[in-house]
Amino acid sequence: MIIINHARSTVERVGSTVDLATLNRLLAKPHLPPLGLHFAASRRALGISWRQQRPFRLPLLAPGLSVRSSSTGTEIHVDNSKNRVPEGAITPRSQDFNAWYLDIIANAELADYGPVRGTMVIRPYGYAIWEAIQEYLNVKFKETGHENMYFPQFIPYSFIEKEASHVEGFSPELALVTIGGGKELEEKLVVRPTSETIVNHMFTQWIHSHRDLPLMINQWANVTRWEMRTKPFVRTLEFLWQEGHTAHASPEEAEKEAIQMIDIYTKFAYEQAAIPVIAGRKSKVETFAGADKTYTIEAMMGDRKALQAGTSHNLGQNFSRAFGTQFTDENGQRQHVWQTSWAISTRFVGGIIMTHGDDGGLMLPPRLAPIQVVIVPIWKKEGVKAEVLNAAASVEVNLRTAGIKVKLDDSEQRTPGWKFNFWEMKGVPLRIEIGPKDVANQSVVISRRDIPGKQGKVFGISMEPSILEAYVKDTLDEIQSSLLEQAKTFRDSNVVDVSSYNELKEAISQGKWARGPWSASDKDELKVKEETGATIRCFPFEQPQGPKTCLMTGNAAEEVAIFAKSY
């Protein structure tokens, strides 16, 4: 029995008294963080959450839970036997999407919580996914004429103040340094939230003539934004990203650049991450602080919320005017440069988890998987161990030589069944099983991560290198395509075309995306957000033909917009 004592702010259980922090440790899963005054008493154990507040109120009770109130406190009787999820398993996605997401991050060893609230430690497997994203994008950036460099993490606060809308947009999220070397600084420093200001400061020193343009750079860096509500990978105080910055001699060049970069992000999402994003333009309300236009790729997650997965901004001359970034054109006239900035972050890792994962854990698209194939040798008798391991090692070498990212799990501390579950949790696309009979037949068994159970298992695939390599490569391509098609089907079945505000509200209340004609005001847009919790995610590049009538005002509209709740 647990007794919550309101007067003493303590929690008592069967003859002993503990404070709330101790209860957190007693009930919460070991990998979940202490949640302070808003803590959840292990949903796995209790199926409820509460706040320390007066009056004390319980939400809907889970089976096995009974409550009795008294003058001293609230007694909670818990029967854990029916609700507990086995250790090492994950919360079903349909039961609690957020808990499922956190369980995957922990059990697939992607990240852990840092000692500072809202920070995370990206573990090697999670970082390897980020490296795969980097490898693809780095090639594309360089193919389009961009060079990598690095800017300082500390930015003078006066730089942020120079662009009015920029400081207004970022001020609530800034982390400031006021003391250095034991002394108060003459000017406080901002820990980089984004780099437009410091980039312009340097561009002003490097750009003088039209011959210096275009100037196109990218940096891979960390960013700090003091978020109040955090979620690993999706929203943290510090995260990793790439940010590109370019300067041009004309507005047409800047616009072309901004569109080119959102196209690169779109292609990456479809072809590498197997995420069918919708590309489009942000509304004025949702445009980046300091930009003329913001282009975005919006992805539908497994809970049907939208994730802004990448953005490209046409900055116009807003920053160049603020910083005096000018050049002499071909006619000898001084002009301010036109600029862009664009970025993708480790948020994309969270997008991959929430798009493709299932109740078995992570499910990685092969082109971004750190390990595409895991080999699990199986033997019971010591006499066949050597030949099984030799065959498995040979298959490993052949596949690696063919350019496939492969791992041989020949550890003897775990059973084959444990290994199957472990590598499924980590989302490895293909598993190869090799036992004594397989060695005798010179064949292997191959299981697909995206097709669970016997349906995804194929027996008798030849070990002959050319046959096995071709089969593995073809199957990886099939998985890549299958994940994209499944995500497309899910997305399309959850986007509703609407023609009135009532229809929009109904679609959003059902957790779906609403797509409809829009030409209403910023005030109307904010009204939608206030009343439904949804925002305009974008005006898609792909627009339906024909006349349109605004769903809010009844006036003529040129475009349809997509509304959705988002992360």
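How many bridges join strand β23 to β24, and do they run parallel or antiparallel? Four bridges join strand β23 (residues 443–448) to β24, and the two strands run antiparallel.

The model is predicted, so local features need pLDDT of at least 70 and side-chain atom pairs count only at pLDDT 80 or more, while totals for chains, interfaces and linings use all residues. Residues are numbered from 1 along each chain as its sequence is written, and side-chain values use heavy atoms, with hydrogens and water left out.

**View 1. Confidence along the protein.** The mean pLDDT (the predictor's confidence in each residue, from 0 to 100) is 87 for the protein. A pLDDT of 70 or more is reached by 84% of the residues. Over residues 1–85 pLDDT stays under 50. For this stretch the model has 140 contacts (heavy atoms within 4.5 Å) beyond four places in sequence. Where pLDDT is low, the predicted coordinates should not be read in detail.

**View 2. A five-stranded open sheet.** The strand order is β21-β20-β22-β23-β24, with mixed pairing. Strands (E, at least two residues) and helices (H or I, at least four) are DSSP runs, numbered from the N terminus, and two strands pair if DSSP finds at least two bridges between them. β21 (406–408) and β24 stand at the edges with a single partner strand each, so one side of each has no neighbour in the sheet. On average, neighbouring strands of this sheet are turned by 25° against each other, direction ignored.

**View 3. Helices packed on the sheet.** Helix α12 (residues 416–425) touches β20 (373–377), β21 and β22 (430–434), and its direction makes about 170° with that of β20. Helix α14 (residues 465–492) also packs on the sheet, touching β20, β22, β23 and β24. The direction of α14 makes about 5° with that of β23. Axes are lines fitted to C-alpha atoms, for helices over the stretch in contact, and angles run from 0 to 180 degrees between N-to-C directions.

View 4. Ser-462 is found in strand β24 (residues 457–462), and Ser-443 stands opposite Ser-462. Ser-462 counts as partly exposed because its relative accessibility is 23%; buried means under 20% relative accessible area, exposed over 50%, and partly exposed in between (1.4 Å probe, protein chains only). Not counting residues up to four places away in sequence, Ser-462 touches Gln-442, Ser-443, Ile-467 and Leu-468. A polar atom of the Ser-462 side chain lies 3.0 Å from the backbone nitrogen of Glu-464.

**View 5. Salt bridge between Lys-293 and Glu-255.** A salt bridge is a side-chain nitrogen of Lys or Arg within 4 Å of a carboxyl oxygen of Asp or Glu. In the pair Lys-293 and Glu-255, the closest N and O atoms are 3.8 Å apart. Lys-293 lies in strand β15 (residues 293–300) and Glu-255 in helix α8 (residues 251–271), so the pair ties together parts that are 38 residues apart in sequence.

**View 6. Salt bridge between Arg-431 and Glu-433.** The side chains of these two residues meet at 2.9 Å, N to O. Arg-431 is buried, with a relative accessible area of 9%, and Glu-433 is buried, at 7%. Salt bridges that share partners join Glu-424, Arg-431, Glu-433 and Lys-457 into one network.

Terms used. Polar contact = N/O pair within 3.5 Å; in protein donor to acceptor, adjacent residues only side chain to side chain.
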